[in-house]
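Hi,

Here is the structure for you to take over. My notes follow below it.

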Amino acid sequence: MAPHSKNVNLLFKLYCLAVMTLVAATYTIALRYTRTSDKELYFSTTAVCITEVIKLLLSVGILAKETGNLGRFKASLRENVLGSPKELMKLSVPSLVYAVQNNMAFLALSNLDAAVYQVTYQLKIPCTALCTVLMLNRTLSKLQWISVFMLCGGVILVQWKPAQATKVVVEQNPLLGFGAIAVAVLCSGFAGVYFEKVLKSSDTSLWVRNIQMYLSGIVVTLVGVYLSDGAEIKEKGFFFGYTYYVWFVIFLASVGGLYTSIVVKYTDNIMKGFSAAAAIVLSTIASVMLFGLQITLTFALGTLLVCVSIYLYGLPRQDTTSIQQGETDSKERVIGV
């Protein structure tokens, strides 16, 4: 029975790895396609808002299943949501930051190729590491610091002479795209560590915390919709420019994020590193085929350096148990895709 159980466990981990990889790569490629097609462009702020609504509904459903019966489910909502305005305010901070991050992803992929975005977005690793050191008073090993600098060097190489996509005809601004990624990774690092700190401050269920955060997120994103595109939405409609591909992107952003947060706890950091590297490779292949991406030497070297640094950062360490425990807890965070 033991070998059979071990094989099943390995197969499940491989399944988790495949899902995480496909979600990350497909989301990036699909979003890039919707932002560079010759069809009428949809309002990205509305897509971010709808994603928050879907995540809220899914979290409510999962909490209902977790509590087991209707009475406990209602009591949990009454106590932790309706009866906890302070907690809602506390979770409004990451809600606001995640809303900015998700909108920046749309802006970045409107101006950068999917593969370039996928590589550059790995800057979230050193950003999260820095926030972890500053906000949670943890320390990083020498190997982690080396991998952080390697990753930054790889991103610099990728951005030195950004690879160009020959099949994309819309006007793009690579500098604006890189600026959007810079804001997104800063938001990702801060919001992720902040949310982890909130989770550790009490025994409140992850899904209760998600509900609190998504309620605030809906309000924040609706304000963003009004301030950014309010006049045009009144004229053209909330769902202007929506196609099946746009709904697919929203599906990946909402369901994919929640699904990844569930299955990632069954994998280790090495598998997460392989997943990120594989997603970069898949995004690059898809970009070459769909968008005519021209691979340059600096892009290839930078991508290789980033993939190696991701792997090194996730290697197990015997002298960093506190960090590993923190990483285990942080695996249950729900992040925007």
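First, the term behind the surface finding. A patch is made of residues with over 30% relative accessible area and no salt bridge, joining like charges within 9 Å and nonpolar side chains (Val, Leu, Ile, Met, Phe, Trp, Tyr) within 5 Å. A salt bridge is a side-chain nitrogen of Lys or Arg within 4 Å of a carboxyl oxygen of Asp or Glu. Accessible areas come from the Shrake-Rupley method with a 1.4 Å probe, and for residues only the protein chains shown count as cover.

The ground rules are brief. This is a predicted model: local features need pLDDT of at least 70, side-chain atom pairs count only at pLDDT 80 or more, and totals for chains, interfaces and linings use all residues. Residues are numbered from 1 along each chain as its sequence is written, and side-chain values use heavy atoms, with hydrogens and water left out.

Overall picture

The chain has 13 helices and 0 strands. Both are DSSP runs numbered from the N terminus (helices H or I, at least four residues; strands E, at least two). Of its 337 residues, 52% count as buried. Buried means under 20% relative accessible area, exposed over 50%, partly exposed in between (1.4 Å probe, protein chains only). The chain exposes about 16400 Å², and carbon and sulfur atoms supply 68% of that. Among contacts (heavy atoms within 4.5 Å) with a separation of 6 or more, 90% join residues 24 or more positions apart.

The nonpolar patch

Leu22, Val281, Leu282, Ile285, Val288, Met289, Leu290 and Ile295 make up a nonpolar surface patch, with about 710 Å² of accessible area together. Helix H11 (residues 269-291) gives the most, 6 residues. Val288 is found in this helix. With a relative accessible area of 36%, Val288 is partly exposed.

Thr120 lies in helix H5. It is buried, at 0% relative accessibility. A polar atom of the Thr120 side chain sits 2.7 Å from the backbone oxygen of Val116. Leaving out residues up to four places away in sequence, Thr120 touches Val155, Val158, Gln159, Phe178 and Ile181.

Leu123 lies in the loop between helix H5 (114-120) and helix H6 (124-136). Leu123 is also buried, with a relative accessible area of 18%. Under the same exclusion, Leu123 touches Leu151, Cys152, Val155 and Val185. Leu123 and Val155 are 32 residues apart in sequence, yet 7.7 Å apart in space, C-alpha to C-alpha.

Best wishes

Methods. A polar contact is a pair of N or O atoms within 3.5 Å; within protein, one must be able to donate a hydrogen and the other to accept it, and residues adjacent in sequence count only if both atoms are side-chain atoms.
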